[in-house]
Amino acid sequence: MQRCFMLALQGMGAVSPNPLVGCVVVYRDQIIGEGYHQLFGQPHAEVNAIDQVIERYGEQAISLLKEATVYVNLEPCAHFGKTPPCADLLIQYDVKRVVISNTDPFVQVAGKGIGRLKAAGIQVETGLLEQEGAFLNRRFFTRIQKQRPYIILKWAQTSDGYFAPVLARQQWISGAEAKTLTHQWRLEEDAILVGKQTAMIDNPHLTNRSGRGKNPIRLLIDRQLEVPLSYHIFDDEAKTIIFNELKSGTQENIQYVQMEDMQWYLPQKIAFQLYLMDIQSVIIEGGKNILTQFIDAGLWDEARIFTAPIKWTEGLLAPSIRGKNHQESLIGQDQLSVFMNSNL
């Protein structure tokens, strides 16, 4: 199952809004095939694993699969979507046993895949490394169960707790290694969100410059559409969605989403709108006002905070957050602290 997790992670950034899934086929304690869901709309993990067995063993594959155990970290699907049901594929090859980490919370699957397998006489076991499997697919589970995206807060602060300089200007806090990691994170998530002030002061691209993978969808909160269209956030490197109070519509890669009364319940409105757009995860990079609104609303799942060794002695204080300390690591000269929302 650990191998399933490792395989599944290879689909990060390419399969949303589908889950991350890996599959391993074992015959007499030997792995004879494996695969993972590589790209949204393309074959699922079980298909790729079975195909590898057939490719390796040819006509012998049929007899091997009849005695094989299939490990998969998420319940095989039982419905026709972009691809046929994986449960039917396992039944077709009459595999002996299927071991699953997590059942699928999606209503069109939710136990139906397991039910089909058992009805066909296949041995089924569930719950192996269940907590680890749920954490792997925390984005997918959040979207299905809470009807909103998985929300990651991210910022950098000085060692004495400052977030931005007194004067409204761009000034880097974290080091080069932290910036490199930030671009890796952008590859992994569906979207990235900033407020008007951050866009005006920093003029960010908000793209993934790691050299591989896709760019996230850029989300901008700009009630009165004050950010000039000449700014980087509107270039053609990625799609940009602007939440505003003035207009709706689409112009090339820019989509305007009109909202009423944005001064009230803004985090809740944005979270639900992103859910309707099939956006499964979002990184919120600022500014402080936007971050604080999501913190105060309790609408966050994970906070990633870089603390640099520098001191400013004055400036805008960083947001205040309380959560379960999940991870501490040193990234270059910066301390990375990851907190999980313990109230969820």
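1. Is Gly111 buried, partly exposed or exposed? Gly111 is partly exposed, because its relative accessible area is 33%, and a residue counts as buried only under 20% and as exposed only over 50%. Please keep in mind while reading this note that the model is a predicted one. Gly111 sits in the loop between β4 and α5, and, once its neighbours within four places in sequence are left aside, Gly111 is in contact with Glu75 and Asp104. Gly111 and Ala78 are 33 residues apart in sequence, while their C-alpha atoms are 8.8 Å apart in space.

2. The helix α5, made of residues 112-119, has Gly113, Ile114 and Leu117 as buried residues. Seen down the axis of α5, these buried residues fall within an arc of 100°, so they line one face of the helix. What covers the buried residues of α5 includes the helix α4 (86-92) together with the strands β4 (97-102) and β5 (123-126). After α5 comes Gly121, which has a positive phi near 90°.

3. The largest pocket deserves a careful look, and its volume is about 1,200 Å³. Of the 50 residues that line this pocket, the closest to its centre are Thr198, Asp202, Glu285, Gly286 and Gly287. The elements that give two or more residues to the lining are the strands β6 (150-157), β7 (162-164), β8 (191-195) and β13 (281-286), along with the helices α8 (176-188), α9 (196-202) and α11 (288-296). Sorted by class, the lining of the largest pocket has 21 nonpolar, 17 polar and 12 charged residues.

4. For background, most peptide bonds are trans.

5. How many cavities of 30 Å³ or more does a search of the whole structure find? The search finds 2, and the largest cavity has a volume of about 120 Å³. The largest share of the lining, 3 residues, comes from the helix α7 (residues 138-146). By class, the lining of the largest cavity has 6 nonpolar, 6 polar and 4 charged residues.

6. The second largest cavity holds about 40 Å³ of space, and the residues that line it include Pro149, Ile151, Leu193 and Phe294. The elements that give two or more residues to this lining are α10 (266-276) and β13, and α10 gives the most, with 4 residues. Sorted by class, the lining of the second largest cavity has 10 nonpolar residues, with no polar and no charged ones.

7. The loop between α9 and β9 (217-221) holds Thr207, and a student may like to examine this residue in detail. Thr207 counts as buried because its relative accessible area is 1%, and the cut-off for buried is under 20%. The side chain of Thr207 makes a polar contact with the side chain of Arg209, at 3.3 Å. If residues up to four places away in sequence are not counted, Thr207 touches His183, Arg186, Asn215, Pro216, Arg218 and Glu237.

8. Most residues other than glycine have a negative phi. Asn203, however, has a positive phi of about 45° although it is not a glycine; Asn203 lies in the loop between α9 and β9, and counts as partly exposed at 24% relative accessibility. Thr313 likewise is not a glycine and has a positive phi, of about 70°. Thr313 is found in the loop between β14 (302-307) and β15 (316-317), and at 63% relative accessibility Thr313 counts as exposed.

Conventions. Residues numbered from 1 in each chain as written. Predicted model: local features only at pLDDT ≥ 70, side-chain atom pairs only at ≥ 80, totals over all residues. Heavy atoms only, no water. Buried < 20%, exposed > 50% of the residue type's maximum accessible area, 1.4 Å probe, protein only. Arc of directions from axis to C-beta. Contact = heavy atoms within 4.5 Å. 1 Å grid on protein atoms, 1.4 Å probe; cavity = no way out; pocket = protein on both sides within 12 Å on 5 of 7 lines; lining within 4 Å. Points joined across faces, edges and corners; volume = space filled by probe spheres on them. Nonpolar A, V, L, I, M, F, W, Y, C, P; charged D, E, K, R; others polar. Polar contact = N/O pair within 3.5 Å; in protein donor to acceptor, adjacent residues only side chain to side chain.
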